[in-house]
Structures are given as C-alpha cells and as structure tokens.
Amino acid sequence: MAPARWLWLLVATGCATGAGGPGPESTDVPDEVTLDAVEFPVREVTASGPPAVDAPAVDAPAVDAPAVARGGHARLQDPEAPAGQQPGAAEGGESAATPATDPESTAALGTTQQPESAESWFRGRWSTRYWLRWTDSDQKEQNIYSTLSADLFDAERDGITAHVTGRVVGDLDGRSQNLPAIVNTFDSGVVGQLFDAYVDFHDVSGLGVVRVGRQSIYDAPVVAFFDGVRLESEPIGSRELIVGAYGGLSSRIYEGQTTDDWMTGAYAELRPWSGGRARFDYLHLEDRTLFGNEENDLLGVGLWQQLAEGLQIDGEYTMLDGESRDVRSRLSYYDADADLQLQLSYYQLLETQRNLSLELDPYFAILQELFPYYQFGAMASTGLGEHFQVQSGVDIRRVDDDDDVGQFNRDYERVYANLTVADAPWDGFSLTLLGDFWMSGSRTIDTLGVDVTQEIDEDVELAAGTYYSLYKFDAFAVTEREDVRTYYVRVTHEPTENVDLELSYELEDTDIDLFHGLRLRGVWRF
Amino acid sequence: MALLNPTDPARRTRRLPTPKALAIGLLATVAGCAFFALSDADSGPAFNHKKHAEEGLECDMCHDTVSSEDAPGMPVLDACMQCHSGIDTEETPPEKQPSAFFDADGKLVNPRRTRLSDEVIFSHLRHVNAELDCAACHGDMTESERVDDSVAVSMADCMACHEQSSTPTRQVPNDCATCHSHLGPNGAPQTHDHNWQRRHGQVVRAHTDGLVNQCSLCHTEASCQDCHRDQQPQSHNNYFRLRGHGVHASVDRESCTACHRTDFCDRCHRESVPLSHAGSFGAPRNNHCLGCHEPLRSSSCYTCHKDAPSHRMAPPKPPDHVASMNCRLCHGVGLTLPHVDNGSDCNACHR
C-alpha cells in the first residue's frame with residue numbers, strides 16, 4: 001500500500017476517533033461525559049437541606065449537608081440508631097433494584113443490609129472441546145480437550161478458599177502424528193495438565209494474601225509460575241505499602257520430566273502520591289537448560305501515574321544479572337463512556353538476550369539471540385455512534401545495530417485496523433472487517449478478514465466468515481508466496497443460563513493442502 | 001548473499017511513510033481526538049443558573065418533579081414562560097429567551113449533561129427523601145453561569161458516596177444491581193459490545209484505575225486464564241502450525257511470548273519434522289546446503305540440529321591445494337561433489 005494511503009488511514013482514524021462518541025439520542029452512554037480530574041474540587045456548600053416540598057415527612061435520618069464535597073458524600077447521621085428504628089428495616093428493606101416512587105417510601109438511599117452472599121461453596125467452569133481435522137490427502141486427527149476451573153468456598157464467609165484449574169487432553173487417534181498438535185508430542189495419548197491448584201488463607205493477621213500451591217503471579221516483570229508459597233501484607237499506612245514474597249519449584253508443564261528448577265521473589269508496592277503507584281520486584285531463577293544451568297536475577301521498577309481521569313502514563317525498567325535489560329513506557333487515555341481509547345507505547349531491549357532461565361528465555365534454543373531493538377506503537381479505538389466501532393494501530397520496530405539484523409532479528413512495521421458494525425442495519429446483525437499487515441524486508445504477512453454474525457433468537461447465534469492470509473517469505477534464497485484462505489461457519493446456542501454450546505466447521509485452503517476442521521464445544525458454568 | 005545482507009540498500013526500501021510523516025500522522029490522530037472532544041464541551045446556548053438563583057429561585061421551582069418522581073424534572077417551555085412572558089421584551093436577545101433552549105416540540109435542545117443510560121436505575125426521589133441537597137451531587141449551581149460537564153455525576157462519585165454512607169449497622173447497597181438493571185453474571189456492561197472480544201486486551205493493558213470497566217468487578221484472575229487457554233487466536237490455523245508460525249516468530253518472537261514459553265516450542269520441534277525435509281533435502285544430494293551460510297548457528301537448521309557436526313569440520317584441503325585455487329575447475333566437473341555446490345567459497349569450510 002502506498003505511503004500516502006497509510007498516512008490517510010491514520011488521519012482518517014484520527015478524525016473518525018474525534019468525531020465519534022454517542023449521538024444525542026444514544027441510550028447507551030450519557031450524552032456528555034464528565035472528564036473529571038482525579039482530584040475532585042471540594043465544594044463548600046451552604047445549603048441546609050433539600051428544598052421544601054409538599055411531601056409527607058419520612059423517617060429518614062438527617063443528612064450532614066454542610067460536609068458535602070464533590071467526590072464526597074452526604075453522610076447519613078444517627079449511625080447509632082438501632083437497626084429496628086431505621087426506615088425500611090421493619091419491612092425487611094427495599095429492593096435496591098426497585099426505584100421508589102412513593103414519597104412515603106421507607107428507603108433513604110437504601111438503608112437495608114446487603115443481602116448475604118448467595119454464592120455456592122463450589123463454583124466454576126467446565127469446558128470440553130472435541131476437535132476433528134482431516135485433509136484431502138487422507139490425513140485425520142481427533143483430539144479432545146476438557147478444562148475444569150473451580151473455586152471452593154467463599155472468601156467473604158470462610159477462612160480458607162481454594163482454586164484449581166486443570167485440563168485433560170486426549171489424542172483419540174492414539175498418539176498419531178498426522179497433523180501437528182502439542183498433544184501428539186507426549187508419550188501418552190491422554191495427558192493431564194494442572195495449571196493452578198492453590199489454597200488461600202484469609203484470616204491471617206497482617207497478611208492480605210497467604211497462598212499455597214501451584215500458582216501464577218502476573219504482576220512481576222515476567223510471569224512467575226511455580227509450586228510454592230506466596231505471602232503478601234495488607235496495605236500499610238497512608239501510602240498503602242504492600243510487601244510480598246514468594247518462592248517454590250518452577251512449574252514446567254511441557255518439559256515432560258520432574259524438575260528441581262526453582263524461583264524466589266519479593267516485591268513492594270505503594271502509592272507514594274495521589275494518582276501514583278510504584279512497584280519494585282526482585283526475582284531469582286534457577287533453571288537447568290539444554291545449554292547448562294542458568295541462574296538469573298531480575299530487578300524491576302514500575303511506575304504508574306494517573307494524570308487525569310482516564311489519562312495515565314506508566315513505565316517499567318528491568319535489570320538482569322546486573323545489566324540493564326529493557327525499558328518500557330506507555331501513555332494511555334481511556335474513556336469508557338465515550339468508548340475512546342488512545343495509546344502510545346515505547347519499548348527498548350537494551351541487552352542481547354541469550355540462553356536464560358525459562359521464564360526469561362527468548363526462545364534461544366530455536367531462534368538464537370534476541371538482539372537489542374526499540375519499538376514504537378500507537379493505537380486508537382473508538383465507537384462511532386451506537387453501531388460502529390473502529391480500531392487501528394501501528395507498530396514499528398528497529399534493531400539497534402544493522403549488523404544484528406538477520407534471520408530471527410528483524411526490523412518490521414505492522415499496521416492493523418478493524419471495523420465493527422453492530423445491530424445495523426437490523427438488530428442482532430454484526431459485521432467485522434479486519435486487516436493486519438506485517439512488513440519486514442523480504443518477509444510480509446498480510447491478513448484480511450470478514451466476520452458476519454446474526455442472532456437468530458435470544459439464545460442462538462449464527463456466524464460465518466472468511467479470512468485470507470498471504471505469507472511472503474524467503475526460504476533458501478527463494479521467495480515463497482503462500483496463500484491461505486479460510487472459511488468458517490459457527491453456531492452457538494445457550495440452552496440455559498449456565499450452558500453454552502458451539503459447533504463450527506472450518507475449511508482452510510492452503511498451498512500445502514486442503515484442511516477441514518470440525519469443533520464441538522460445550523461450556524458449563526456452575 | 002543479498003538475502004542476508006543487512007545493509008543492502010534495496011531492503012531498506014520502506015513501504016510505509018518515513019518516521020517523520022508517520023509522526024505527523026499520529027499527531028493528527030491525537031489532535032483530531034482532542035479537537036473534537038474539547039470543541040463539543042460548550043456547545044449550545046448557555047443557561048445561567050446563577051442569575052436565576054439571585055432572583056430567589058430554588059431548584060425545585062424549575063425542576064418541579066425532583067421531589068416526587070424518579071426523574072429530575074427538566075423544565076418545559078411553558079414553565080419558563082410563566083416568568084419570562086412578563087420579563088422578556090422585544091429587545092431581549094434571542095439567545096437569552098427561553099425559546100432558544102427548546103425545540104419546536106418543547107424539548108430541551110441542550111445536551112443533557114447528566115443523562116444516564118436507560119439501563120441505569122436512579123431515583124431523585126429516593127435521594128431527596130434522604131435529605132441530600134442537590135449540591136451534594138451537582139455542586140453549587142448558584143454560581144454556575146453556564147451548564148457544563150461538571151454537573152454530571154460519575155460512577156465513582158456514586159459508589160464513593162454509597163460506601164462512605166454505610167455504617168456497620170446500616171449498609172447502603174453498592175453492588176452492581178443497585179444501579180444497573182442490565183448488569184449481572186450474564187449481562188455484560190455496554191462497553192463490552194462492538195467487537196469486545198477482539199479489543200478487550202488493549203483496554204486491560206490501559207490499566208486505568210477507573211471503576212468503569214475495572215475487570216475485577218466481575219472477573220477473577222482465573223477468568224482470563226480460562227478463556228485464553230480455551231480460545232486460540234484466529235491466526236492459529238493449520239498452515240500456521242505447519243509453517244506460518246515460523247515466519248511470524250522470525251519477524252516478532254515477542255508476540256509469541258504472550259502465551260508460549262520456550263518449553264512449549266522445544267517440545268514440538270523435537271517431535272515434528274519440517275515440511276521442507278523431503279525429496280533430496282538429505283543425502284545423497286543434500287539440498288539443504290542451499291540454505292546454509294556462515295556462521296552456521298544463525299541458520300534455521302540449528303533449531304533442531306544442535307548436535308550436527310559443524311561444517312567447519314569439513315575435511316581440510318590437501319597440502320598441495322592453496323586457497324587461491326579455483327576449486328570448481330576439478331570438483332563438480334571431473335570429480336563429483338558429495339554435496340551441492342551452493343556457490344559459496346569452498347575455503348569457508350575446507351581450510
């Protein structure tokens with residue numbers, strides 16, 4: 001696509017983004033969005049109460065009107081009054097979902113107790129997926145995946161809760177190797193994988209988190225996935241300081257052998273000033289890799305600052321084994337009411353990454369070193385009225401040193417955009433157009449797609465679509481050009497509130513073969 | 001080879017605008033957003049609450065249903081004319097006459113700053129009955145010379161007030177159903193429309209502290225994992241598994257790390273034979289040499305063949321062969337080669 005067209009796409013997105021937002025007749029979001037500053041201005045109010053009206057007096061507690069501030073409240077006085085004398089209490093309270101229309105209503109901002117949690121002691125989600133694939137060259141593959149995620153007990157009521165997520169994968173063809181799938185690489189045709197299995201203790205003095213078992217920590221600079229213990233304090237002081245530590249055996253689901261790899265880490269998080277948040281991480285990893293034993297120490301510092309409502313800047317810096325590793329920064333603006341999101345991002349890898357512990361490894365065994373690079377990104381997403389939503393973005397990566405550019409270290413530019421039309425031209429209909437273009441010298445990947453969905457009735461949805469991908473890449477000094485066309489149709493049905501069923505068929509026409517795929521999936525939420 | 005020559009001017013031809021032009025485009029994007037967002041802030045005729053308050057008018061004199069109904073009771077033209085019919089003259093500017101604020105059907109033309117979504121439940125009556133002053137939520141309108149966004153009340157304000165008004169003996173409900181008729185375990189926020197499945201990741205990464213769309217209100221950490229383990233990206237089709245993922249990874253391996261660690265990739269590569277390893281790829285013709293180059297380890301062959309003898313261990317030249325000789329005068333013409341001549345310098349391996 002010519003450079004001018006890209007520039008036009010960006011500017012058009014900008015104009016469309018700016019012109020978007022709900023129309024005056026929109027019922028989805030308020031007409032005007034209040035772009036409040038984080039620090040709400042305190043208003044000194046001299047009003048002495050509500051205007052006099054000819055309404056019967058109600059037994060509502062007086063309100064401390066002068067202490068009102070925007071972002072503040074009018075406190076209900078008389079907190080010591082027995083519950084039985086409170087309006088609404090005698091009648092068992094009033095449903096919060098039922099607006100009061102009777103001036104004699106006993107409800108005054110809802111004086112009823114919160115209903116006791118009705119959550120079951122055992123709840124979760126069970127999904128099972130059957131997947132059949134076959135080709136015109138008589139290759140066939142059948143696999144089944146069954147995933148259970150469950151929570152036990154309730155943190156509000158019980159001192160102990162538990163969570164488990166696991167999956168059983170079965171190769172119904174008996175460990176065949178017809179078509180690639182990770183399940184084919186295991187020794188057994190049936191494989192169990194445990195992703196999470198931990199117990200939380202809630203009533204430990206001074207500690208906000210006490211977790212034992214197989215768990216993941218996503219807030220660390222890299223995801224820590226281990227079998228062990230995590231402890232975290234409750235917020236301390238006005239800065240809400242939180243300190244935590246964790247450690248245990250590193251979880252290795254795909255290594256296929258018992259491991260004594262381990263990790264330990266610690267972190268501290270606080271809110272040093274209004275709208276700000278800071279986090280410090282330390283992680284020690286030990287891993288026995290193909291190329292020898294690795295020990296790595298990772299330090300991370302992260303800062304977040306809310307500049308205004310919806311406007312945030314954040315950044316993170318890490319050091320690995322005493323050397324600067326990477327730095328990341330991002331400026332985000334998000335207005336949910338206007339359905340507008342803007343984001344600018346920057347990332348720079350400062351040091352070459354070679355063989356490292358698994359959590360840090362840049363696929364060294366396959367792709368070799370990851371050389372330093374920097375990357376800019378911009379994204380804009382907005383709703384246009386009730387029915388349209390558009391998103392587009394650009395990513396640009398440059399390897400620091402041209403001499404490092406090679407097979408697996410490349411400069412690239414990526415441009416993507418998608419447009420969604422929902423409930424137009426008639427209710428229940430939606431159309432999505434998407435495009436994703438990667439350009440990296442002699443390698444380009446272009447993808448264009450269309451998805452059409454129609455709600456048949458409240459519980460049934462029919463979708464169909466197609467997407468086309470063009471891969472152009474160099475293979476042994478010859479430029480390959482491979483087309484991939486995929487067509488699919490999908491039906492989803494919700495027979496009950498807690499059950500989802502999905503049946504889909506996919507036809508994939510590639511330069512390698514013609515693939516057919518059938519998926520049947522059921523999800524039960526309990 | 002030109003393929004791997006990073007400084008080849010030809011490969012520097014960009015299909016995108018220069019960084020400068022791109023920066024201008026991005027600035028135009030941001031400027032467009034800011035311009036339109038800000039320019040709409042003060043549209044329409046300005047209603048001066050301050051002037052009316054100075055005349056002794058109370059809130060409920062114009063908003064007459066606020067103490068008897070759920071709705072705030074926005075004034076109608078007839079109510080305004082009760083006073084203005086005796087006040088306005090022919091010299092009164094049109095923008096200051098009540099008719100400027102109403103359309104032909106008698107409806108307000110000004111955007112409703114405080115208008116809530118239809119699925120939001122809110123009763124002014126209940127709040128008035130709690131003897132909350134209007135200013136508690138809308139600020140001191142007696143000083144307002146123009147209605148602006150400051151009169152609107154955000155979800156954060158509502159929840160803060162509900163929370164701070166609660167006492168141990170009296171809880172002011174603050175759950176979603178208190179104000180939202182649509183939200184629930186099977187009712188997603190309206191922001192979750194419009195291709196949410198595709199774009200929610202960007203919203204999550206925005207990581208704002210705002211309440212709206214705060215994922216933890218409805219979702220647990222496990223929710224994300226459950227869905228992501230069950231649903232693959234659209235790009236992960238059969239071609240992707242066979243060949244496409246290699247092209248993607250060679251361009252941007254970081255995108256793979258969102259879901260996969262190296263043990264996942266190693267496992268599959270240990271077991272799977274690449275599609276290219278067919279025909280004369282191996283012995284005796286060893287066509288794989290066509291893809292080789294120095295240094296060996298930067299070749300994709302190393303992905304699997306980590307233990308293969310280094311090509312630097314090729315048989316050395318006989319003592320009477322010197323580097324300046326033209327090897328191909330004999331080898332490949334009179335003497336057959338055990339491998340394909342890839343055109344490179346024989347001395348690179350046969351030292």
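# A tour of chains A and B

Select helix H7 of chain B; its buried residues are Asp157(B), Cys161(B), His162(B) and Ser165(B). They lie on the same side of H7(B), because they cover an arc of only 125 degrees around the axis. The arc is that of the directions from the helix axis to the C-beta atoms. A residue is buried if 20 or more other C-beta atoms lie within 10 Å of its own, exposed if 12 or fewer, and partly exposed in between, with C-beta atoms placed from the backbone. Helices (H or I, at least four residues) and strands (E, at least two) are DSSP runs, numbered from the N terminus.

The model is predicted: local features need pLDDT of at least 70, side-chain atom pairs count only at pLDDT 80 or more, and totals for chains, interfaces and linings use all residues. Residues are numbered from 1 along each chain as its sequence is written, while chains are lettered from A and ligands numbered from 1 in the order in which they are written.

**Stop 1: Ser154(B).** Select Ser154(B), in the loop between helix H6 (134-138) and helix H7 (155-165) of chain B. Is Ser154(B) buried or exposed? Ser154(B) counts as buried because it has 21 C-beta neighbours inside 10 Å.

**Stop 2: helix H13 of chain B.** Select residues 262-271 of chain B and pick out the buried ones: Thr262(B), Cys265(B) and Asp266(B). Seen down the axis of H13(B), these fall within an arc of 100 degrees, so they line one face of the helix. What do the buried residues of H13(B) pack against? They pack against helix H2 (364-367) of chain A.

**Stop 3: chain A as a whole.** Show chain A, which has two helices and 22 strands. Of its 526 residues, 32% count as buried. Two residues are in contact if their C-beta atoms, placed from the backbone, lie within 7 Å. Among contacts in chain A between residues at least 6 apart in sequence, 47% join residues at least 24 apart.

**Stop 4: Arg129(A).** Arg129(A) sits in strand E1 (residues 122-135) of chain A. Arg129(A) is partly exposed because 18 other C-beta atoms lie within 10 Å. Arg519(A) is 390 residues from Arg129(A) in sequence, but the two are 6.8 Å apart in space, C-alpha to C-alpha. Leaving aside neighbours within four places in sequence, Arg129(A) is in contact with Tyr145(A), Arg519(A) and Arg521(A).

Stop 5: Two strands pair if DSSP finds at least two bridges between them. Strand E3 (residues 160-171) and strand E4 (residues 190-201) of chain A are antiparallel, with 11 bridges. Gly170(A) has Val190(A) in E4(A) as its bridge partner. E4(A) also pairs in the antiparallel sense with strand E5 (residues 207-217) of chain A, over four bridges. Here Ala197(A) stands opposite Arg214(A) in E5(A). The hairpin of E4(A) and E5(A) has five residues between the strands, and Gly206(A) takes a positive phi near 85 degrees.

**Stop 6: the largest nonpolar core.** A nonpolar core is a set of buried Ala, Val, Leu, Ile, Met, Phe, Trp, Tyr and Cys residues joined through C-beta atoms within 7 Å. The largest one has 15 residues, and those touching the most other members are Ala220(A), Val222(A), Ala224(A), Met263(A), Leu283(A), Leu298(A) and Leu360(A). Strand E6 (224-233), strand E8 (262-270) and strand E9 (276-289) of chain A each give two or more residues to this core. E6(A) gives the largest share, three residues. End on Leu360(A): not counting residues up to four places away in sequence, Leu360(A) touches Val222(A), Leu285(A), Asn296(A), Leu298(A) and Leu320(A).
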